[in-house]
Every structure is written in structure tokens, then in C-alpha cells.
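Hello,

Here is the structure I promised to pass on to you. Have a look at it first, and then read on for what turned up in it.

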Amino acid sequence: MFTYGGRLCFHGDEVLTLETLNRALLLENVHPDATTRLTKAGYQVRAMPRALGEDELIAELAGISLLGIRSQTHITERVLAAAPDLLAIGAFCIGTNQVDLGAAARRGVAVFNAPFSNTRSVVELAIAEIISMARRLPEKNAKMHAGVWDKSARGAHEVRGRKLGIVGYGNIGTQLSVIAESLGMTVYFYDIADKLAIGNARRCSTLDELLESVETVTLHVDGRAGNRGFFGDAEFARMRPRSLFLNLSRGFVVDHAALRRHIESGHIAGAAIDVFPSEPKGNNEEFVSELRGLSNVILTPHIGGSTEEAQQDIGDYVSGKLVDFAEGGATSMSVNMPNVALPVVPGTHRLVHVHKNVPGVLAAINRVLAEHGVNVEGQLLHTRDEFGFVVTDIVPAYSDEVLDELRAMDVTIRLRTIEAD
Ligand SMILES: NC(=O)c1ccc[n+]([C@@H]2O[C@H](COP(=O)([O-])OP(=O)(O)OC[C@H]3O[C@@H](n4cnc5c(N)ncnc54)[C@H](O)[C@@H]3O)[C@@H](O)[C@H]2O)c1
């Protein structure tokens, strides 16, 4: 007997074919390179253009071992409980808030994302929008389309020498900082974590200090729960009169009703918003927002990271992580599993054991192996929060009891074996 893809299989007449087991489902228009990569690795791939709701998703997940999603498909505890075949989830985007990461880890389901693939794309859009708003391009463009020739320099500015405030100095914030400085902007930043100032950027010790110092504020904070409603009436009021505002981070971070009031009052001179508290599930659904119909406001449909370059890189990167996990139990860069990567040794069987992180698990595993005379060729353990992940390479000669005993351990969350060719 052996296991593959987390399911029991039997040698002889009852062998389940790999076609039955290696099935992947890719939702939300994941880049075709992901399909190519998974197909090459022996997966039967079904790609769908849209997000699925909970019930639909549960029905589609039967027999699926690898799932690819973007930001609109929510992986809840209920979905995970109903998907025993699922091995790993690839979030083909940056954020993973749409996945219940703890519930996935409790079932030994590894989650991967692409934290860096679209950083540059977001930065380039932010720069384009800062310049567009400073030159009042949204208004000029709308007037031209309405047949109005409004040639005037009034209210149009260069960005050179102007002060940009970056809130959230992570991957995107720091790269934006570099490019904004190269355009001659003076960069201020505020982050709740200690961050190295890049170039000549100036660190602000409070958000208020930043808001009072700059003429353009751009948000690049992450999607942690505490950031819900982070930027509202009080923060807009703190901004300097006639400032510009951008949010390309998360929709729920900003109070849009407050933003509308501050734009209508003229306190905020322009805004560029790419993310919304509630976004349409697909291109056929109407976009509803308090921010529609305002001049000098650029609204984009969550496309900050959506360039062909970024999508291709994400497709390739995340599908590679899924394949590495399925074929070798590698969890490097997983967002919910201890990170472990051990080179695959041909001719061995690999035991991938996910367990509760309590003392003595490694010793208990090795006791079972020793009692059955199983020779260990290589082993690596890592723990993270309440979970432990141990990869053990053994010679293929072992009895069914070894797997039965390891699986029966109180601490075992999931056991999988992989045969290295
Ligand atoms: N619009 C898009 O299409 C698009 C594409 C990619 C990423 N994003 C979003 O952009 C955001 C930034 O991405 P990233 O890769 O730079 O993330 P990151 O994790 O590298 O950086 C986020 C930074 O924000 C800081 N932070 C968190 N909460 C804060 C707060 N309340 N005040 C100040 N700083 C705070 C963190 O300490 C961190 O340094 C994320 O929310 C991501 O989901 C959007």
C-alpha cells in the first residue's frame, strides 16, 4: 500500500490511476502558464474564468488535489472540511485573507501565494496616477471627449519637488519610494514596523506626522484585520488642503463615504482608488460605489497588479510552488506551514508528516521507524506556531504497519508518502 496526494492507494488490482488523483482546479482566470506547468507535471487541469461561491466550490472540489484561486474565491473552514482530497491551495495573487489559513493548516493543506510578482506593476500604476492627478488628466480627458477644449495651466503641477507620503513601507511601498525619488519627489513614509529608509526617504513616527507633511498620500498597508476602517474622516481631515489620495492596497481600509465628502468639499483635490470594500464578483456585475461620478477621481477595477507580466510571473511562480509541494513536500514560502525543503533523493520514499507542534513528535516518528527496521536516508523538521512539518526519506522497503502507526499517532494531522523516481 502507498499514499499519493494524501489518499490511500493499494498495489495490485486496486491501484488508483494517477489521472484519478492528480486533478487541479484553477479559478478566476489564472494565467495559462499555470495550466502548462501543472499539465507538464502530470495534472489534469480544469480552468474556470470566475470565482465560485461556497456551495459551488465544494461541489467542484471532489477529487481535486491542487486548487488555484485569486482574490475573489473564499476558502472557508466549511469548504476545507468538505474537501478531503485537497493537498494545497495556490493564491495566484499577493493577499491570502480570502483563505482561512489556520483551518487549512489544521488539515495539512499548504497555502502558497506570490508576494513579489506584481509589486512593480502596482508601483507603476501608482506613479502614473500621481502624475495624472497632478496634471488633472481625468478632467481634461473627460472634457475633450465631451468636445471641450480647456487649455489652461491652472491647478496643473509637476510632481518634481512635491512631497509624497507612503503609508505601509513593505514590498510595494519601498519600491514606490525609489521610483518616486528618481522623479524628484521627496518621500516620507510611515509603517507600524521598523523599516529601513531607502535612499533619502524620511521616516515619520506617527501617521499624523506624515499626513501633515505631504501633499500626496498613498496607502500600501497589508490586509490584516486591524486595518479595517484604518483611514476615515479623521485621517482625511488631517491631510493638507488640496492633497491627493491613493489607495491601491485593500478596499476595507478606507471609508469611502468620508472620502467622497472630503472630495466634494474640495479638501481632497483628487483621488485614485483601485480597491473597494465590496467588489463585483465578475465583469458582468455592476460596480457600485460612493465614489462614482466625481471629477479628478480615477477609479480602476482592482488592476494595480494586473499586467500581463505580473500575471505570467504569478502563474509560473505559484504553480511551481504547488508542484514542488505535491512532488516533494516542499513548503518554502508557504504562508501557513512551517517552511521545509529537502532535495528529493531518487529511489527513496518520502514521508510528509504534518502534526501538532508538541514536544517529542520527531522522537515518536523515529521510534516507529526504528521498531520496524526502516532505514532513514534524510530528515528535516520545522515548526511554526501550533504546527510541525517533518519530511523523512526512507528506503522503499517498509510494511503497511509503519504508515498505519504513524497515521494513528494522536498528533498526526496528515501523512502523505511520495515515491521519488
Ligand atoms: N491593487 C492591487 O492590484 C494590488 C496588487 C498587489 C498588492 N496589493 C496590496 O498592496 C498592499 C501592500 O502589498 P505589499 O506587497 O507591499 O505588502 P507588504 O506586506 O510587503 O507591506 C505592507 C506593509 O504595511 C505595513 N502596515 C500594515 N498595517 C499598517 C498600518 N496600519 N500602518 C502603517 N503600516 C502598516 C506593514 O508593516 C508592511 O511593512 C497589500 O494590501 C496588498 O494586498 C494590491
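A residue is called buried when its relative accessible area is under 20%, exposed when that value is over 50%, and partly exposed in between. With a relative accessible area of 15%, Arg-136 therefore falls among the buried residues. Please keep in mind as you read that this is a predicted model.

**Salt bridges**

How many salt bridges does the structure hold? The count is 19.

Another of them brings together the side chains of Asp-55 and Arg-78, at 2.6 Å from N to O. This pair links distant parts of the chain: Asp-55 sits in helix H3 (residues 54-60) and Arg-78 in helix H4 (residues 77-81), 23 residues apart. Asp-55 is exposed, at 53% relative accessible area, while Arg-78, at 44%, is partly exposed.

A further salt bridge joins the side chains of Glu-264 and Arg-260, at 2.9 Å from N to O. Both belong to helix H11 (residues 256-264), and because they are 4 residues apart there, about one helical turn separates them. Glu-264 counts as exposed, with 52% relative accessibility, and Arg-260 as partly exposed, with 23%. Salt bridges can also share partners: Glu-54, Asp-55 and Arg-78 are joined into one network in this way.

**A buried charge with no partner**

Now turn to Glu-235, which you will find in helix H10 (residues 233-238). Is Glu-235 buried or exposed? Glu-235 is buried, yet it has no salt bridge. Leaving aside residues up to four places away in sequence, Glu-235 touches Leu-207, Leu-211 and Phe-230.

**Around the ligand**

The ligand is surrounded by 28 residues, and the closest are Ile-172, Asp-191, Val-221, Asn-227 and Asp-274. Which atoms of Ile-172 and Asp-274 come up against it? For Ile-172, a backbone N or O atom lies 2.8 Å from an oxygen atom of the ligand. For Asp-274, an N or O atom in the side chain is 2.8 Å from a ligand nitrogen atom. Leu-248 takes part as well, with a backbone N or O atom 3.1 Å from a nitrogen atom of the ligand.

Finally, please look at helix H13 (residues 361-371), whose buried residues are Val-361, Ala-364, Ile-365, Val-368 and Leu-369. These lie on the same side of H13, because they cover an arc of only 135° around the axis. What covers them? The cover includes strand E15 (349-356), strand E16 (376-384), strand E17 (387-394) and helix H14 (400-408). On the face turned away from the buried side, H13 carries the exposed residues Ala-370 and Glu-371. Just after the helix, Gly-373 takes a positive phi of about 65°.

Happy exploring, and do write back with any questions.

Best wishes

Methods. Residues are numbered from 1 along each chain as its sequence is written. This is a predicted model: local features need pLDDT of at least 70, side-chain atom pairs count only at pLDDT 80 or more; totals for chains, interfaces and linings use all residues. Side-chain values use heavy atoms; hydrogens and water are left out. Buried means under 20% relative accessible area, exposed over 50%, partly exposed in between (1.4 Å probe, protein chains only). Helices (H or I, at least four residues) and strands (E, at least two) are DSSP runs, numbered from the N terminus. The arc is that of the directions from the helix axis to the C-beta atoms. Contact means heavy atoms within 4.5 Å. Lys and Arg count as positive and Asp and Glu as negative; His and the chain ends are not counted. A salt bridge is a side-chain nitrogen of Lys or Arg within 4 Å of a carboxyl oxygen of Asp or Glu. A residue is near a molecule or strand if one of its heavy atoms lies within 4 Å of it. A polar contact is a pair of N or O atoms within 3.5 Å; within protein, one must be able to donate a hydrogen and the other to accept it, and residues adjacent in sequence count only if both atoms are side-chain atoms.
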